[in-house]
Amino acid sequence: MWQYILKRVLLMIPTLLGAALLVFLLMHVVPGDIALLIIGGDQGGDINYQEVAHLREQLGLNRPLYVQFLSWIWGVARLDFGNSLWTGAPVIEEVSIRLPVTLEVAIFATLVSSLIAIPLGTLAAIRQDAWPDYVVRVVSIGGLAVPSFWVGILIILFLVIFFRWSPPLEFVSPFVDPWANFQQLVWPILSVGYRYAAVTTRMTRSTVLEVMREDYVRMVDAIAHRDIPVVQALVLLTAFVFVVINLIIDLLYAWLDPRISYR
Amino acid sequence: MKEGETALASRRSHPVAVDKGWVSSRAWPAIKKFILTKPLGAAGGAVIVLMVLAALFAGVIAPYDPIAINQRLQFSPPSREHWFGTDEFGRDLFSRIIYGARIALFIGFTASFLGSTGGAIIGVVSAYLGGKTDLLMQRVMDILLAFPLLILALAIVSVLGRSIPNLVLAIAIPIIPRTARILRSSALAVKEQMSVEAARAVGSSHQRVMFRHIIPNVMAPYLIMLTAQLGSAILVEASLSFLGLGTAEPTPSWGLMLSGGAPLYAEKAPWVAIFPGLAISLVIFGFNLFGDSLRDALDPKLRHRQ
């Protein structure tokens with residue numbers, strides 16, 4: 001087991017390095033010179049090329065590409081992603097300011113979606129090809145079709161028009177005022193969560209369907225003479241374990257990659 | 001599962017040969033059967049047909065010029081003259097949504113076609129050649145798969161710049177590894193068949209084996225991936241335009257219509273924020289319903305995956 005985990009972790013390294021190389025190359029095939037952009041700004045006009053050359057020197061843009069890549073990778077390994085070319089602030093700082101909010105929304109959206117998805121998905125699978133299955137499938141396919149950003153707009157629209165209420169604007173940390181924090185984040189959590197619920201419902205449905213086809217479920221079914229509560233409980237528990245594992249993976253993934261989008 | 005396995009097994013043992021008369025002789029009964037057995041899929045297909053018609057005949061259907069500005073009409077509510085109302089520039093929303101179907105469908109179709117076809121070629125070649133080539137190609141695909149679809153598209157379009165061809169490319173590239181992975185495993189299964197081995201043994205060229213035996217047998221998963229990616233390609237286009245990295249004003253793109261003033265003026269003119277979102281949701285809903293049923297109909301084995 002440990003050997004397997006170690007192997008998987010080691011296999012991740014070339015993939016991650018490749019991803020880093022891809023991002024790096026992608027950013028360096030940009031037509032246009034960042035130094036020229038910074039100096040020229042929006043006005044254009046006369047550009048002092050000596051100044052541009054000086055800035056390129058300062059930013060290290062005149063070094064060979066592989067040197068730039070290696071120095072960047074060495075920084076990334078120490079969690080130093082360099083400084084923003086525009087604001088000059090370290091990139092890691094810019095990211096870590098936003099990280100807690102993203103994490104909070106990601107974690108609660110996953111929880112909310114599991115609360116909706118596990119019962120619905122299980123219901124659809126148990127009543128496969130009957131009306132509850134059709135309803136759940138149409139609703140979950142519909143959920144997938146509705147963009148989160150639009151649901152966000154609609155939520156604000158209805159809150160403002162019908163309840164004359166808008167969430168407090170300035171971000172409040174949950175450790176300072178949990179109620180104010182809840183009022184702010186419940187809407188983003190719902191608008192991300194419902195869409196993820198659609199994905200998880202489909203996953204739960206297919207997992208439960210697969211589990212129901214396993215031999216031991218059929219055996220239980222036969223022995224218990226269609227003892228529906230037993231079958232349901234077993235299937236639900238097994239599916240629950242699967243979905244919880246998926247949830248943990250998703251949480252870990254969301255924790256490792258704050259930019260994760262639930263598609 | 002039992003049924004699915006036998007269906008797949010019977011198809012595997014009788015590889016489909018290239019048959020030019022297929023479309024005329026078998027397409028109509030197949031379509032009829034699809035409508036009867038998959039009503040949800042047929043409903044999705046109807047939505048798609050409706051959208052395609054709207055896109056093709058936008059000039060005839062739309063009552064107004066989608067980019068004509070008329071400040072006197074700013075934020076007119078829905079009325080008999082302007083069914084969906086007008087936006088902050090007094091442009092007719094209904095006409096903009098009809099023309100928007102062109103952008104959405106054009107980008108959706110071209111991006112998912114390019115992406116799935118590129119992925120299919122890579123997947124099939126990778127499976128057929130095997131060995132080091134396969135390993136290398138799959139690692140490259142792994143690297144591309146490490147990025148969520150929207151994030152990779154966003155990075156590519158921010159590098160290439162905003163234009164419709166760049167947008168198509170930016171959405172097609174992240175689709176490649178997703179199709180390549182599925183098509184590779186399908187092609188590997190076909191490659192192991194006796195018929196392919198026999199064809200090689202009697203001296204068929206690689207080209208002949210590829211075109212007569214492998215490609216016809218991976219058409220089903222290819223079509224499934226193609227339709228499955230259509231909805232997400234349209235969603236990514238809408239998301240990119242919403243984020244200000246997709247199509248540029250005054251192009252009538254649904255995502256772009258939601259970005260600009262829509263959330264700001266929502267209280268005053270909610271129709272500006274409602275109708276374009278409905279259009280996006282409806283077309284993706286149609287493609288997803290259709291794609292789902294097509295998957296069920298073409299490949300029972302895949303039915304319970306995803």
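Mentor: pLDDT is the predictor's confidence in each residue, from 0 to 100. The model discussed here is predicted.

Trainee: What share of the residues of chain B reach a pLDDT of 70 or more?

Mentor: Across chain B the mean pLDDT is 79. The share of its residues that reach 70 or more is 87%.

Trainee: Which element of chain B has the lowest mean pLDDT?

Mentor: Helix α5 (residues 93-129) of chain B has the highest mean among the elements of that chain, 90. Residues 1-20 of chain B have a pLDDT below 50, and beyond near neighbours in sequence this stretch has 21 contacts in the model. The lowest mean, 41, belongs to helix α1 (residues 2-13) of chain B.

Trainee: How many contacts beyond four places in sequence does the model have for residues 302-306 of chain B?

Mentor: The pLDDT of residues 302-306 of chain B stays under 50. For this stretch, the number of contacts beyond four places in sequence is 11.

Trainee: Which helix gives the most to the side of chain B that touches chain A?

Mentor: The contact takes 33 residues from chain A and 37 residues from chain B. On chain B, at least two residues each come from α6 (131-145), α7 (149-160), α11 (219-242) and α13 (270-298). With 10 residues, the element that gives the most is α13(B).

Trainee: How many residues of the side of chain B that touches chain A are nonpolar?

Mentor: That side of chain B includes eight polar and five charged residues. Its nonpolar residues number 24.

Trainee: Which residues of α7(A) meet α8(A)?

Mentor: The crossing of the two helices, α7(A) and α8(A), is right-handed. Their contact divides into six nonpolar, three polar and one charged residue. From α8(A) come W187(A), P188(A), S191(A), V192(A), Y194(A) and R195(A), and from α7(A) come S148(A), V151(A), G152(A) and I155(A).

Definitions and conventions. Residues numbered from 1 in each chain as written. Chains lettered and ligands numbered in written order. Predicted model: local features only at pLDDT ≥ 70, side-chain atom pairs only at ≥ 80, totals over all residues. Contact = placed C-beta atoms within 7 Å. Helix = DSSP H or I, 4+ residues; strand = E, 2+ residues; numbered from the N terminus. Nonpolar A, V, L, I, M, F, W, Y, C, P; charged D, E, K, R; others polar. Left-handed = near helix turned anticlockwise from the far one by under 90°.
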